Amino acid sequence: MQCTPETYISWKKDLIKELKEFDAMYMKHLKQGYPEMNAIHMAAMKPLTDLLESNLNFHYLEQLEK
């Protein structure tokens, strides 16, 4: 993929269009209610969720020290 200053605007518009299409398909997929897919998604996102929770707790701890 070659993105240059001249092609950046059109590249950005195409990217946004494709992301919106993906989001629409993904949301449709989620609404169909596949519990087995939800379990996979939750397992895949658990490390990130744990990291965010740890960072928030650390932030609160730093705020207590001030």
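Colleague: Ground rule before we start: under 20% relative accessible area is buried, over 50% is exposed, and anything in between is partly exposed. Which of these does Trp 11 count as?

Modeller: Keep in mind that this is a predicted model. Trp 11 has 30% relative accessibility, so Trp 11 counts as partly exposed.

Colleague: And Tyr 8, what is its relative accessible area?

Modeller: For Tyr 8 the value is 38%, so Tyr 8 is partly exposed too.

Colleague: Where do Tyr 8 and Trp 11 lie?

Modeller: Both are in helix H1, which covers residues 8-31. They sit three residues apart, about one turn of the helix.

Colleague: OK, rings. How many aromatic pairs does a search of the whole structure find?

Modeller: Two aromatic pairs turn up. One of them joins Tyr 8 and Trp 11, with 5.9 Å centre to centre and 35° between the planes, a tilted pair. Both residues belong to H1. In the pair of Phe 22 and Tyr 26, the ring centres are 5.8 Å apart and the planes are at 15°, so this pair is stacked.

Colleague: How many residues apart are Phe 22 and Tyr 26?

Modeller: Four, about one turn, and both lie in H1. Tyr 26 counts as partly exposed, at 29% relative accessibility.

Colleague: What span should the 24 residues of H1 have?

Modeller: At 1.5 Å a residue, H1 should span 34 Å. Its end C-alpha atoms are 34 Å apart, so the two values agree.

Colleague: What comes just after H1?

Modeller: Gly 33 is there, with a positive phi of about 70°.

Colleague: On to H2. Where is the kink in H2?

Modeller: At Lys 46, shortly before the proline Pro 47. The kink is about 45°.

Colleague: What do the end C-alpha atoms of H2 say about its span?

Modeller: They are 43 Å apart. The 31 residues of H2 should span 45 Å at 1.5 Å a residue, so that agrees.

Colleague: How many salt bridges does the structure hold?

Modeller: One. The side chains of Lys 46 and Asp 50 form it, at 3.2 Å from N to O. Both residues lie in H2, four residues apart, about one turn of the helix.

Colleague: Is Asp 50 buried or partly exposed?

Modeller: Asp 50 is partly exposed, at 34% relative accessibility.

Colleague: New topic. Which residues make the nonpolar surface patch?

Modeller: Met 45, Leu 48, Leu 51 and Leu 52 make a patch of about 370 Å². Leu 52 is in H2, residues 35-65.

Colleague: What does Leu 52 count as?

Modeller: Exposed. Its relative accessibility is 52%, and the cut-off for exposed is over 50%, so Leu 52 qualifies.

Colleague: How far apart in space are Glu 62 and Met 45?

Modeller: They are 26 Å apart, C-alpha to C-alpha, and 17 residues apart in sequence. Glu 62 is in H2. Glu 62 is partly exposed, with a relative accessible area of 35%.

Terms used:
Residues numbered from 1 in each chain as written. Predicted model: local features only at pLDDT ≥ 70, side-chain atom pairs only at ≥ 80, totals over all residues. Heavy atoms only, no water. Patch = residues over 30% accessible without salt bridge, like charges linked within 9 Å, V, L, I, M, F, W, Y side chains within 5 Å. Areas by Shrake-Rupley, 256 points an atom, 1.4 Å probe, with all protein chains shown as cover. Salt bridge = Lys/Arg side-chain N within 4 Å of Asp/Glu carboxyl O. Helix = DSSP H or I, 4+ residues; strand = E, 2+ residues; numbered from the N terminus. Buried < 20%, exposed > 50% of the residue type's maximum accessible area, 1.4 Å probe, protein only. Expected span 1.5 Å × (residues − 1). Bend = angle between axes of the 7 residues up to and from the residue. Phe/Tyr/Trp six-rings, centres within 6.5 Å; stacked < 30°, edge-to-face > 60°.
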